[in-house]
Amino acid sequence: MKIKLDISNEHYDEIKCALEERGIVIDDTADFVLSETNSFIDHLTVREKETNERIILSVDEIVYIETFGHSVEVQTQETLYQASDRLYRIVRLLDPTKFLRISNSVVIAKDRVQRITPTLSSKFILTMSNGKSVDVTRSYYYIFKEYFGI
């Protein structure tokens with residue numbers, strides 16, 4: 001049996017060892033997910049885009065996450081990674097005080113926003129810490145304003 005672990009770093013090694021001793025394979029592509037209740041993840045398992053190598057990425061390194069159809073990309077300061085989970089699953093695992101969904105396809109790290117530029121059409125254009133721009137869509141406009149106290 002294969003299981004994916006979405007748990008805090010604090011418990012990860014202990015639970016991984018206990019499961020592996022019982023013959024359970026820990027695999028980030030597994031259909032079954034073991035997660036903690038009332039806990040947000042400290043890391044996200046992603047793949048390097050070019051080499052397809054698995055990386056355990058600290059959520060503190062994430063600038064934003066964007067989805068294109070079935071492809072979910074995780075952008076850090078320097079690197080672009082591929083996530084194996086769907087965006088809605090990742091959003092549920094992230095701390096809502098640190099991350100905010102700004103459109104149907106983009107989630108940002110609150111502390112990585114460098115500039116907020118309003119537009120005439122009830123939207124915002126955000127410049128992130130890595131220099132890339134993302135849009136807050138009209139559907140998320142008021143949620144964004146409330147979150148940032150604008």
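Reader: Let's start with Ile 26: in which strand does this residue lie?
Author: Happy to begin there, and please keep in mind that the model is predicted. The strand in question spans residues 25–26, and Ile 26 belongs to that stretch. The element is strand 2.

Reader: Is Ile 26 buried or exposed?
Author: The cut-off for a buried residue is under 20% relative accessible area. Ile 26 has 16% relative accessibility, so this residue counts as buried.

Reader: How far apart are the C-alpha atoms of Ile 26 and Arg 138?
Author: Along the chain, the two residues are 112 residues apart.

Reader: Where in the protein chain is confidence highest?
Author: The chain averages a pLDDT of 88, and 99% of the residues score at least 70. Among the 3 helices and 13 strands, the lowest confidence belongs to strand 3, at a mean of 80. The highest value, a mean of 96, is found at residues 106–109, which form strand 10.

Reader: Which residue forms a salt bridge with Lys 2?
Author: Side chains of opposite charge can pair when their charged atoms come close. For Lys 2, the closest N and O atoms of the pair are 3.4 Å apart, and the partner is Asp 27.

Reader: How many residues apart in sequence are the parts that this pair ties together?
Author: Lys 2 lies in strand 1 (residues 2–6), while Asp 27 sits in the loop between strand 2 and strand 3. The pair therefore ties together parts whose separation in sequence is 25 residues.

Reader: Which residue meets Lys 4 in a salt bridge?
Author: The N to O distance in this pair is 2.8 Å, and the partner of Lys 4 is Asp 85. Distant parts of the chain are linked here, with Lys 4 in strand 1 and its partner 81 residues away, in the loop between strand 8 (80–83) and helix 2 (87–93). Lys 4 is buried, and so is the residue you asked for, Asp 85.

Reader: What is the N to O distance between Arg 89 and Asp 85?
Author: Asp 85 is buried, with a relative accessible area of 10%, whereas Arg 89 counts as partly exposed at 36% relative accessibility. Their side chains meet in a salt bridge, and the N to O distance is 3.5 Å.

Reader: How far apart in space are Asn 9 and Asp 42, C-alpha to C-alpha?
Author: Asn 9 lies in helix 1 (residues 9–21) and is partly exposed, with a relative accessible area of 43%. In sequence, Asn 9 and Asp 42 are 33 residues apart. In space, C-alpha to C-alpha, their separation is 6.2 Å.

Definitions and conventions: Residues are numbered from 1 along each chain as its sequence is written. Side-chain values use heavy atoms; hydrogens and water are left out. pLDDT is the predictor's confidence in each residue, from 0 to 100. Helices (H or I, at least four residues) and strands (E, at least two) are DSSP runs, numbered from the N terminus. Buried means under 20% relative accessible area, exposed over 50%, partly exposed in between (1.4 Å probe, protein chains only). A salt bridge is a side-chain nitrogen of Lys or Arg within 4 Å of a carboxyl oxygen of Asp or Glu.
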